[in-house]
Amino acid sequence: LGRRMLDVFPGIEETDMFKVFQRCMKSRLPEILVYEFVFADGSRQWFEYSIQPVAEGLFILSIDITERKKAEQQLEESEHFLNASQRVSKIGSYVLDFGTGFWKCSTELADIFGVMPNQEHTVEEWLALIHPDYRESMEQYFEQEVISKKKRFDIEYKIINKRSPRECWVHGIGDLEFHADGRLSKMLGTVQDV
């Protein structure tokens, strides 16, 4: 109490954070700011500031989010490593939701199939990618071996890339997940261009 922010944090007036504080003072509108502090000893900490203008100035709630930021960075690095590994090995991953009938895939599998990544696709779209000579046998295999017997999906089949349209052989693997009552929930797996 009784000390100015500039006295406690010398040089703060040069930071982007301080400019946001000034903007809030002028506009009288609240803001949320995520900011990385670099301390004199070189250590770094991330903070989330909830800035609320009040009669005499600003009420600022500061939350240390360093651990969350580290977790986000580790997740980004892990995702980058996974994507790079999939690209090198020509293996893409997918998840099929039996409840909705839709599937999503990784960027690499989207390239193998010639579809858009990060979008939901229907089972009919997947079947349309299978080479016409193999479509009927694949449907039978999926219904009679995988679904009926609740077995692992593990088969090589021929597809036609939707974008190119290049024909290629792929090896598909998928493990089933079930709800507590035994109903099919999802199939998670990989498809490799072989």
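Analyst: Two strands are said to pair if DSSP finds at least two bridges between them, and strands themselves (E, at least two residues) are DSSP runs, as are helices (H or I, at least four residues), numbered from the N terminus. The model is predicted, so local features need pLDDT of at least 70 and side-chain atom pairs count only at pLDDT 80 or more, while totals for chains, interfaces and linings use all residues. Residues are numbered from 1 along each chain as its sequence is written, and side-chain values use heavy atoms, with hydrogens and water left out.

The part in question is an open sheet of three strands in the order S1-S2-S3, with antiparallel pairing. Its edge strands are S1 (31-38) and S3, each of which pairs on one side only. From one strand to the next the twist averages 30°, where axes are lines fitted to C-alpha atoms (for helices over the stretch in contact) and angles run from 0 to 180 degrees between N-to-C directions.

S1 and S2 are joined in the antiparallel sense by eight bridges, and Leu33 has Tyr49 of S2 as its bridge partner. These two strands form a hairpin with five residues between them, and Gly42 in the turn has a positive phi of about 90°. Strand S2 (residues 44-54) is likewise linked to S3 by eight bridges, and the two run antiparallel. Tyr49 has Ser62 of S3 as its bridge partner, so that Tyr49 is a bridge partner of Leu33 as well as of Ser62. Val54 is bridged to Gly57 in S3, and S2 and S3 form a hairpin with two residues between them.

Val54 also belongs to a nonpolar patch on the surface, together with Phe59, Leu61 and Ile63; the four have about 350 Å² of accessible area together. Such areas come from the Shrake-Rupley method with a 1.4 Å probe, and for residues only the protein chains shown count as cover. Patches are made of residues with over 30% relative accessible area and no salt bridge, like charges being joined within 9 Å and nonpolar side chains (Val, Leu, Ile, Met, Phe, Trp, Tyr) within 5 Å. Strand S3 (residues 57-64) gives the most to this patch, with three residues; Phe59 is found in S3. As a general point, the side chains in a regular strand alternate between the two faces of the sheet.

Charged side chains complete the picture. A salt bridge is a side-chain nitrogen of Lys or Arg within 4 Å of a carboxyl oxygen of Asp or Glu, and by this rule the count comes to 14. One of them joins the side chains of Arg44 and Glu36 at 3.3 Å, N to O. Glu36 has a relative accessible area of 26% and is therefore partly exposed; buried means under 20%, exposed over 50%, and partly exposed in between (1.4 Å probe, protein chains only).

For comparison, strand S7 (residues 153-160) and strand S8 (residues 167-178) also pair in the antiparallel sense over eight bridges, and form a hairpin with six residues between them. There, Ile160 has Glu167 of S8 as its bridge partner, and the side chain of Glu167 meets that of Lys158 in a salt bridge (3.1 Å, N to O). Lys158 counts as buried because its relative accessibility is 18%, whereas Glu167, at 43%, counts as partly exposed. Salt bridges that share partners also join Glu48, Arg68, Lys69 and Glu72 into one network.
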